[in-house]
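Please read the following note alongside the sequence and the model.

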Amino acid sequence: MHSWTFDDMPDLSGTTAVVTGANSGIGAVTALVLARSGARTILACRDPERGARALQAVRRAAPGSDTRLVGLDLADLSSVAEAAGHIAKETDGSLDLLVNNAGVMALPLLRTADGFEMQFGTNHLGHFALTHHLLPLLGTGGMSRVVTVSSLAHRIGRIDFGNLDAARGYDKWRAYAQSKLANLLFTAELQRRADEAGRPVLALAAHPGLSATELGQAGPRLAGRTWAAKLERATRVYTQPASAGALPTLYAATLPTVLGGSYYGPRLLGGTRGAPGPARMSARAQDMDTARTLWDESARLTGTPADAI
């Protein structure tokens, strides 16, 4: 069986893509490969300095590419709205690909600027709001795709509608798994609504397996446990590089035969590494009643129209 690699990327000339969290790890690789393939690529990053360095790195590695930088803090809904406005100006009114990649993992209990639990607020609600703001750009120039990055951790996730704000207790790993399950439920409901409305939008999801990125170090650092951050770095010997972790995202973003609502990830060792292909979703990730309820609640929390698509 042929293993899909970067060499299988199609020519993306004439298309426009946005990648959130493009300053490091999987997001940086995703943005670089899209730019090398000819897409006008917008790096949406929270930290201006790191974003500027990432932009220069892409331009050096993909000379002649059309790459832009937009500030985006997914933990602040006002920043999300402002970023969407900047993206609209950079895209000339049409967006072919939105990669909802940015995320945080296993943080101590923190709050977003709007008071949400940080992991749910960043990983799910921030991307939910961004996608809603960008809906007028999606599908205007033909079929568009929204690829949202989930995780193997979604399999242990449950959506606790009575404790989305962590007011009744908090466990960092349960909160992370909940946010990653929310990513998949969002993908399923976005696709259902796009199909119902006849919108040319494919909603897809991907996960990177076990990949070596900076994601696992933020939580220990914020909790003041530098030893744990060092331990996380040491475990990278057991993980695949970020370049391999980006393959499922790019596979979902460009494979001609994908079906809306599909989920992709590494195929080997329980989905932890290897070439990309279809990935297994938990039964809870396929519960359309929960997906609809989560959509409506997310719209309420973010102040976006529930019937925008």
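**Notes on the predicted model**

1. Of the 309 residues in the protein chain, 55% are buried, where buried means under 20% relative accessible area, exposed means over 50% and partly exposed lies in between, with a 1.4 Å probe and protein chains only. This is a predicted model, in which local features need pLDDT of at least 70 and side-chain atom pairs count only at pLDDT 80 or more, while totals for chains, interfaces and linings use all residues. Residues are numbered from 1 along each chain as its sequence is written, and side-chain values use heavy atoms, with hydrogens and water left out.

2. The protein chain has ten helices and ten strands, taken as DSSP runs numbered from the N terminus (helices are H or I with at least four residues, strands are E with at least two). Among its contacts (heavy atoms within 4.5 Å) between residues at least 6 apart in sequence, 75% join residues at least 24 apart. The chain exposes about 13000 Å², of which carbon and sulfur atoms supply 53%; this area comes from the Shrake-Rupley method with a 1.4 Å probe.

3. How many aromatic pairs does the count come to? Rings of Phe, Tyr and Trp (its six-membered ring) pair if their centres lie within 6.5 Å, with planes under 30 degrees apart counted as stacked, over 60 as edge-to-face and the rest as tilted, and by this rule the count comes to six. The pair of Phe128 and Trp295 is edge-to-face, because the ring centres are 5.2 Å apart and the planes stand at 75°. Since Phe128 lies in helix H4 (residues 118–134) and Trp295 in helix H10 (residues 288–302), this pair ties together parts that are 167 residues apart in sequence. Both Phe128 and Trp295 are buried.

4. The rings of Trp173 and Tyr176 also form an edge-to-face pair, because their centres are 6.2 Å apart and their planes are at 90°. These two residues are three apart in helix H5 (residues 172–197), and are therefore separated by about one helical turn. Trp173 counts as partly exposed at 43% relative accessibility, whereas Tyr176, at 6%, counts as buried.

5. A further group of rings deserves a mention: Trp4, Tyr251 and Tyr264 are linked into a cluster by ring pairs.

6. His132 has its place in helix H4, and with a relative accessible area of 8% this histidine is buried. Leaving aside residues up to four places away in sequence, His132 touches Trp295, Thr304, Pro305 and Ala308.
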